[in-house]
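Here is a short tour of one protein model, with its surface, fold and a few backbone details. Have a look at the sequence and structure first.

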Amino acid sequence: MSNTATLSSKFQISIPKAIRTAQHWEAGLTFAFIPKGTGVLLVPVPKREALKGLATGASATEYRDRSDRF
């Protein structure tokens with residue numbers, strides 16, 4: 001099975017069912033398009049609730065800056 005899609009005259013692309021199923025993507029999901037070389041990364045934007053607690057325990061004072069890196 002081919003996982004390709006064609007850009008329509010309305011500039012729309014349908015994501016192949018095999019990809020949607022494997023990634024558990026549902027209708028209404030928001031995506032970010034990130035230019036990468038001659039292509040584009042298609043990344044789902046997480047919902048706010050999914051980010052809750054992501055930085056639990058992080059310290060605002062003890063972080064590494066770019067100047068600390070070797």
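## Surface and charge

About 7000 Å² of the protein is accessible surface, and carbon and sulfur atoms own 56% of that area (areas by the Shrake-Rupley method with a 1.4 Å probe; for residues, only the protein chains shown count as cover). This is a predicted model, in which local features need pLDDT of at least 70 and side-chain atom pairs count only at pLDDT 80 or more, while totals for chains, interfaces and linings use all residues. Residues are numbered from 1 along each chain as its sequence is written, and side-chain values use heavy atoms, with hydrogens and water left out.

The protein has 10 positive and 5 negative charges, and their mean positions lie 13 Å apart. Lys and Arg count as positive, Asp and Glu as negative, with His and the chain ends not counted; each charge is placed at NZ of Lys, CZ of Arg, CG of Asp or CD of Glu.

## Overall fold

Two helices and two strands make up the secondary structure, arranged along the sequence as α-β-β-α. The radius of gyration is 18 Å, well over the 11 Å from the globule rule for 70 residues, so the protein is more spread out than a compact globule. That radius is taken over C-alpha atoms, and the rule is 2.2 Å times the number of residues to the power 0.38. Helices (H or I, at least four residues) and strands (E, at least two) are DSSP runs, numbered from the N terminus.

The C-alpha trace spans about 50 × 30 × 25 Å along its principal axes. Of the contacts between residues at least 6 apart in sequence, 3% link residues at least 24 apart (contact means heavy atoms within 4.5 Å).

## The hairpin

Strands E1 (residues 31-36) and E2 (residues 39-44) pair in the antiparallel sense over six bridges; pairing requires at least two DSSP bridges. Phe-33 faces Leu-42 in E2 across the pair. Two residues separate the strands of this hairpin, and Gly-37 in the turn has a positive phi of about 60°. None of the six residues of E1 is buried.

Phe-11, not a glycine, has a positive phi of about 60°. Phe-11 sits in the segment before helix H1 (17-23) and counts as exposed at 68% relative accessibility.

His-24, also not a glycine, has a positive phi of about 60° too. His-24 belongs to the loop between H1 and E1, and its 67% relative accessibility makes it exposed.

Notes
Buried < 20%, exposed > 50% of the residue type's maximum accessible area, 1.4 Å probe, protein only.
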